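Take a look at the sequence and structure first.

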Amino acid sequence: MPQTVITLSTRGQGLYEFTEQAADFVRAASSGAGEGLLTVFVRHTSCSLLIQENADPDVKTDLNAFFRRLVPPSSDPSMRWIVHTTEGPDDMPAHIKTALTQVSVGIPVTRGRMALGTWQGIYLFEHRDRPHRRDIVLHLSA
């Protein structure tokens, strides 16, 4: 069962698409002929994964705005209840955003290709303000 780790460099909060890197791995690992399941897992607690539309950039803009409004920084007066502030005002909100989304997704593989819809892409959703290097494990089960 093939497995690899890809590393994405982020520039702060936002959605970072890595659909092509995952597709390249599936093509190479399945020899283009298999059925299976691609498991995608991010090894961090302040970012998450999404399968989302990749055609209109406004979708990313709106998702970012929604999550900023839903979970503002701990320096916002509405977040005074937060205790974990040692790593900065964006850290605990990042953990909350991760808890509301997911750190692992499964994608069916059909005839050696991910069975994503026409406008679907795979994204790392970075919840921290500063740049990070994020490790994503790709594992193909046949």
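Three strands make an open sheet, ordered β2-β7-β4, with antiparallel pairing. Strands here are DSSP runs of E of at least two residues, helices are runs of H or I of at least four, and both are numbered from the N terminus. Two strands count as paired if DSSP finds at least two bridges between them. At the edges sit β2 (14-17) and β4, each pairing on one side only. β4 and β7 (residues 120-126) pair over seven bridges, and in β7 Ile122 is the bridge partner of Ile51.

This is a predicted model: local features need pLDDT of at least 70, side-chain atom pairs count only at pLDDT 80 or more, and totals for chains, interfaces and linings use all residues. Residues are numbered from 1 along each chain as its sequence is written, and side-chain values use heavy atoms, leaving out hydrogens and water.

Now for the inside. A nonpolar core is a set of buried Ala, Val, Leu, Ile, Met, Phe, Trp, Tyr and Cys residues joined through side-chain atoms within 4.5 Å; buried means under 20% relative accessible area (1.4 Å probe, protein chains only).

| Core | Size | Members include |
|---|---|---|
| Largest | 22 residues | Phe18, Leu38, Leu124 |
| Another, apart from it | seven residues | Val59, Leu63, Tyr123 |

The largest share of the 22-residue core, four residues, comes from α1.

Finally, helix α3 (residues 91-100) has buried residues, among them Pro93 and Ile96. Their cover includes β4 (47-53) and α2 (57-70).

Terms used
Buried means under 20% relative accessible area, exposed over 50%, partly exposed in between (1.4 Å probe, protein chains only). Contact means heavy atoms within 4.5 Å.
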